[in-house]
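Please keep the sequence and the model side by side while reading.

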Amino acid sequence: NVARRFEVALSIYSDLSEAPSTDAEVIVLTGEPFYHDLEGHPVACALRFWRRCALLRELFAGRRVRVAPGRAVVVAVAIRSSDLSKAYAPLPDRICGVDQKAAAAAWRAARRELVPIDLDEYECDVVAEREIVEFKLSDGFPARAIEGEVSLSCAADAVGLVVRYEDGFEGSESRCLVRFDAGPRLRYSLGLDGRCRLDVVSGSD
């Protein structure tokens with residue numbers, strides 16, 4: 001029991017140097033893990049939030065610190081959507097009689113990259129999903145990239161990564177990192193700086 005308790009609502013955007021100094025117990029409440037400058041990149045948002053949580057726990061070492069949400073799960077999803085297929089379809093080699101081979105080749109290559117998309121803006125169905133990693137936001141920040149493989153054995157127009165939070169933090173699942181060159185077996189890499197890859201594994205790999 002403590003004689004005095006401070007409840008501090010500390011914004012995740014605040015300068016941590018402005019945090020109060022006190023010997024009393026401190027409970028730190030943080031806000032929604034969304035950052036506009038990351039342009040809807042769900043994994044980068046979760047990792048930045050986790051890093052902020054780790055800094056807060058270090059700042060208030062020896063005191064009771066609670067962050068909310070305290071847990072996030074990164075989920076690989078398979079998506080079917082004629083809307084997405086049309087919106088992000090490959091470019092033809094010629095448009096209105098003008099040669100577009102260079103642009104078409106660049107677009108085909110881009111389909112193998114991850115694009116942040118709000119799925120609520122399209123008619124689409126998640127037809128398969130698999131949890132790939134849990135972020136325990138009350139733990140220390142990881143020291144290396146998170147890598148592995150996952151299988152989504154179903155026909156899909158795209159595959160992607162979404163992040164789901166506990167503690168009632170809803171509304172973030174529609175933000176998805178989408179890859180349009182899809183496949184049933186995927187290799188993922190989640191860099192600690194938010195750079196992510198989701199590569200299709202061929203049968204020969």
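**A walk through the predicted model**

Cys 96 sits in the loop between β4 (94–95) and β5 (98–99), where strands (E, at least two residues) and helices (H or I, at least four) are DSSP runs numbered from the N terminus. Although Cys 96 is not a glycine, its phi is positive, at about 55 degrees. Cys 96 counts as exposed, with a relative accessibility of 80%; exposed means over 50% relative accessible area, buried under 20%, and partly exposed in between, with a 1.4 Å probe and protein chains only.

This is a predicted model, in which local features need pLDDT of at least 70 and side-chain atom pairs count only at pLDDT 80 or more, while totals for chains, interfaces and linings use all residues. Residues are numbered from 1 along each chain as its sequence is written, and side-chain values use heavy atoms, with hydrogens and water left out.

Arg 111 lies in the loop between α3 (101–110) and β6 (115–118). Arg 111 is buried but has no salt bridge, since the nearest side chain of opposite charge, that of Asp 181, is 6.2 Å away, and a salt bridge requires a side-chain nitrogen of Lys or Arg within 4 Å of a carboxyl oxygen of Asp or Glu. The side chain of Arg 111 does reach the backbone oxygen of Tyr 88, at 2.7 Å. Leaving aside neighbours within four places in sequence, the residues in contact with Arg 111 (heavy atoms within 4.5 Å) include Pro 90, Phe 180 and Arg 179.

Arg 179, in strand β10 (residues 175–179), is likewise buried, with a relative accessible area of 4%. A polar atom of the Arg 179 side chain lies 2.5 Å from the backbone oxygen of Asp 181, and the Arg 179 side chain also reaches the backbone oxygen of Leu 198 at 2.8 Å. Beyond four places in sequence, Arg 179 is in contact with residues including Arg 111, Glu 113, Val 159 and Val 200.

Val 200 leads on to strand β12, where it stands opposite Leu 186. Strand β11 (residues 185–190) and strand β12 (residues 196–200) run antiparallel and are joined by five bridges; two strands pair if DSSP finds at least two bridges between them. β11 and β12 form a hairpin with five residues between them, and Gly 194 in the turn has a positive phi of about 95 degrees.

Taken as a whole, the chain has three helices and twelve strands, and 41% of its 205 residues count as buried. Among contacts between residues at least 6 apart in sequence, 69% join residues at least 24 apart.

Methods: Lys, Arg positive; Asp, Glu negative; His and termini not counted. Polar contact = N/O pair within 3.5 Å; in protein donor to acceptor, adjacent residues only side chain to side chain.
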